[in-house]
Amino acid sequence: MSEAAETTIEKPTGSTGRGRPAGATRKGLETRVRIIKGAREALEEGGMEALTTRRIAASAGVKLATLHYYFDSKESLLLAVLEDLISDMETAYREDVALPGAPEDRVEALIRASWRYIQRTRNKQIAQTELTLYALRTKGSEWLAARQYNAYIDFYGHLVFEDDRNEELRRIGRAVARQMLIGIDGIILQSYALQDLSASNDDIEALITAMRGYLRRLLAERDRAR
């Protein structure tokens with residue numbers, strides 16, 4: 001392996017898998033978790049430029065060969081990192097607030113929980129933005145950006161209703177989730193750039209009002225169509 005290959009995880013040649021299976025042993029699973037944690041730390045602390053095999057391996061306490069065994073491409077590792085980030089987000093949201101039963105109230109609670117999470121996870125939010133830009137700029141990696149945003153939409157969409165097994169409710173939940181993400185993404189970048197907490201809090205209140213009204217309209221349209 002060349003020095004360049006040792007230093008930076010190479011772009012995959014058409015593979016979009018999750019990496020090689022970690023095996024059934026607890027040690028194997030623990031090693032995979034350490035690698036993902038090391039990659040997350042590198043991404044959150046230094047951005048995509050810091051995401052090198054040497055840094056990840058050192059952080060995870062594994063050899064370079066072990067790292068390449070578990071993840072044979074940068075994209076497979078980034079996908080695992082993305083899934084880990086979303087899992088952490090879901091855990092934090094559920095621990096932060098018990099979601100109300102009424103859909104409009106649930107949307108409001110979700111946005112408020114999201115804003116609290118954003119305020120305490122600045123590096124994580126910037127890392128997720130960098131992950132999106134990397135995927136969109138890297139030929140052959142666009143699928144990762146699509147996977148990322150579909151995961152966010154699924155995450156929020158499933159939480160809009162207590163029971164979304166109904167196909168129409170799932171559609172409405174995803175529609176609301178897409179609009180929520182548009183607002184939340186904009187507020188994240190603006191709040192970090194302008195560092196005006198008062199204005200960002202006002203933006204969150206405006207987003208809540210808009211999303212409550214949008215959900216109300218979608219539900220009314222569904223009722224009229226019956």
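Reader: How much space lies in the largest pocket?
Author: About 290 Å³. Keep in mind that this is a predicted model.

Reader: Ok, and which residues lie nearest its centre?
Author: Thr 129, Tyr 149, Tyr 152, Asp 185 and Ile 188 do, out of 19 residues that line the largest pocket. Two or more lining residues come from each of α5 (74–96), α6 (103–120), α7 (122–137), α8 (142–160) and α9 (167–194).

Reader: What's the lining like by class?
Author: Twelve of the lining residues are nonpolar, six are polar and one is charged.

Reader: Switching topic: how many helices and strands does the protein have?
Author: Ten helices and zero strands. About 45% of its 226 residues are buried. Also, take the contacts between residues at least 6 apart in sequence: 72% of them join residues at least 24 apart.

Reader: What about α3, which of its residues are buried?
Author: Helix α3 covers residues 53–60, and its buried residues are Thr 53, Ile 56, Ala 57 and Ala 60. Looking down the axis of α3, they fall within an arc of 95°, so they line one face of the helix.

Reader: And what follows α3?
Author: Gly 61, with a positive phi near 70°.

Reader: What does UniProt list for residues 52–71?
Author: The unreviewed UniProt entry lists them as "DNA-binding region". In the model, residues 52–71 are 75% helix and 0% strand, and the C-alpha atoms at the ends of this stretch are 13 Å apart.

Conventions: Residues are numbered from 1 along each chain as its sequence is written. This is a predicted model: local features need pLDDT of at least 70, side-chain atom pairs count only at pLDDT 80 or more; totals for chains, interfaces and linings use all residues. Side-chain values use heavy atoms; hydrogens and water are left out. Buried means under 20% relative accessible area, exposed over 50%, partly exposed in between (1.4 Å probe, protein chains only). Helices (H or I, at least four residues) and strands (E, at least two) are DSSP runs, numbered from the N terminus. The arc is that of the directions from the helix axis to the C-beta atoms. UniProt positions are given in the numbering used here, feature names are shortened, and annotations may be inferred rather than shown by experiment. On a 1 Å grid over the protein atoms alone, a cavity is a set of points where a 1.4 Å probe fits but cannot get out, and a pocket is an open set with protein on both sides within 12 Å along at least five of seven lines; lining residues have an atom within 4 Å of a point. Grid points are joined across faces, edges and corners, and a volume is the space filled by probe spheres set on the points. Ala, Val, Leu, Ile, Met, Phe, Trp, Tyr, Cys and Pro count as nonpolar, Asp, Glu, Lys and Arg as charged, and the others, Gly among them, as polar. Contact means heavy atoms within 4.5 Å.
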